[in-house]
Amino acid sequence: MSSSLGDAVKLPCGLVFPNRLVKAAMAELMAGSEHTPTPKLLEVYNQWGKGGWGAVLTGNVQVDVNHLGSPFDPALPAEYTGKESNPALVQTWAKYAEATQQHGVPSIVQICHPGRQSFRIAGKRGIFASTIAPSAIRLQMGDGLLDRIISWLAFPAPREMTQQDIDTVTRQFVDTARLMADAGFSGIELHGAHGYLIDQFLNPKTNLRTDAYGGSAEKRAKFVLDILAQTRKVVPATFCIGIKFNSADHSSASFEDTMTQIGLLVDAGIDFLEVSGGTYEDPRMIGTDSQPQPEKSQRTLAREAFFLEFARETRKRFPSLVLMLTGGFRSRAGAEHALRENACDLIGIGRPAAVEPAFAGRLLDESVPGEEAEMQLNKVKPPFLLNLLPIKAVGAGLETSYYAGQIKRIGHGLKTFAPSL
């Protein structure tokens, strides 16, 4: 019997993914000082484009060059006023779109604003300038003294955004989406997870506002809903707009609020919702329990997907929503299990793609036996001294850096390596 992983998926906007395996967004750290796509980055996406994926999601493209998630993020350099007045800029990004899509694979750009999660050294605002956030709540990497010192050194205190700030950032999201459409990408994904700005607005822990943008689930969703509505007005009807959504931040007390917000996104016409989770303060998106065994029980298969239960509940309430589940998939069997459970339509795979750009092709190849249609990825071991630090973000940072290093190796045409035992 043929695998359901090879089935095509049609989004509400009309875009078709030729199969269900999506190369998930990962930090590439390859944009350089100009914050534009480099030739080596384009080569990475050329390789992923040839890898058998149903779609390829890019890493973060920041909407404001003054507020970056890392010093090496691609970013919108300034206000975008259209392709007629910005031909060189459009051409630069068109090369990025072509790198993947020349192989017939849709490429979706993950666009983002880090909000309070912008490092001091990231962005052109200056190392002593404040970050911005819905509420002036400092990011804390942990409760210990060392955690607090590192948090203070790495992240400036945010200031609460004014209405003018909100209007400006909303326009920056819309400008970035418009540029990506003009450059020929198939769509964008709003990064509403991992503690970035959209997630900060959605989350009652980081949004204490009492105006039109806070105080209820509906008001906390206004920021992203306005971005979505305004973007729809300036991009083609066939241009995909998805969202990455946090599942790991929500307690039982706020769970219904979360479902309310998803319902609002569905009503607004989102094309797909990617279920992920975690923040810098609680980096659950960097999981480590991912060593498949030759014979997998149903329980083990279910555990391979980090956020499966949340996806199941979302599916139950919003059966027509196209769901993408990302986090922990390492095998054909695990991906097929999630589909059989009707928990999702699309399978997002990240780290295996940094080690083997054509990992999707291996999973889809029915001549490859099940025990070979998987990848074992061990935890990245920190250096001895770092291992002594009681900071949970250390492990997440090492994982991100390790796989960014493998992505760079792809761009340089070098052999890649999974973490050693």
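Predicted model: local features only at pLDDT ≥ 70, side-chain atom pairs only at ≥ 80, totals over all residues.

Q: Which residues of H1 and H2 meet, and how is the contact of H1 with H2 made up by class?

A: From H1, the residues Leu41, Leu42, Tyr45, Asn46 and Gly49 meet Lys95, Tyr96, Ala99 and Thr100 of H2. By class, five residues in this contact are nonpolar, three are polar and one is charged.

Q: How many helices and strands does the protein have, and which strands close into a barrel?

A: Strands of a sheet pair through backbone hydrogen bonds, in either a parallel or an antiparallel sense. The protein has 15 helices and 12 strands. Eight strands close into a barrel with parallel pairing, in the order S3-S4-S5-S8-S9-S10-S11-S12. From one strand to the next, the twist averages 25°.

Q: How many bridges join S4 to S5, and which residue stands opposite Asn60?

A: Strand S4 (residues 55-62) and strand S5 (residues 107-112) run parallel and are joined by five bridges. Gln110 in S5 stands opposite Asn60.

Q: How is S10 paired with S9 and with S11?

A: S9 and S10 run parallel, with five bridges between them; Lys244 stands opposite Glu274 in S10. The pairing of S10 with strand S11 (residues 323-326) is also parallel, over three bridges. In that pair, Leu273 stands opposite Leu323 in S11.

Q: Are the residues of S10 buried or exposed, and which of them point one way from the strand?

A: Five of the five residues of S10 are buried, so the strand is largely enclosed by the rest of the structure. Phe272, Glu274 and Ser276 point one way, while Leu273 and Val275 point the other way. Glu274, which stands opposite Lys244, is thus among the buried residues of S10.

Q: Where does helix H8 lie relative to the strands?

A: Helix H8 (residues 255-267) lies across strand S9 (240-246) and strand S10 (272-276), and H8 runs at about 175° to S9.

Q: Which residues of helix H7 are buried, and which elements do they pack against?

A: In helix H7 (residues 222-232), the buried residues are Phe223, Val224, Leu225, Ile227, Leu228 and Thr231. They pack against helix H4 (163-183), strand S8 (187-192), helix H5 (197-202), helix H6 (217-220), S9 and H8.

Q: Is Gln172 buried or exposed, and which residues does Gln172 touch?

A: Gln172 lies in helix H4. Its relative accessible area is 9%, and buried means under 20%, so Gln172 is buried. Leaving aside residues up to four places away in sequence, Gln172 touches Val63, Asp64, Leu76 and His113.

Q: What values describe the protein as a whole, in burial, contacts and surface?

A: Of the 421 residues in the protein, 58% are buried. Among contacts between residues at least 6 apart in sequence, 73% join residues at least 24 apart. The accessible surface comes to about 17,000 Å², and 55% of it belongs to carbon and sulfur atoms.

Notes. Residues numbered from 1 in each chain as written. Heavy atoms only, no water. Pairing = 2+ DSSP bridges. Helix = DSSP H or I, 4+ residues; strand = E, 2+ residues; numbered from the N terminus. Axes fitted to C-alpha atoms, helices over the stretch in contact; angles between N-to-C directions. Contact = heavy atoms within 4.5 Å. Buried < 20%, exposed > 50% of the residue type's maximum accessible area, 1.4 Å probe, protein only. Areas by Shrake-Rupley, 256 points an atom, 1.4 Å probe, with all protein chains shown as cover. Nonpolar A, V, L, I, M, F, W, Y, C, P; charged D, E, K, R; others polar.
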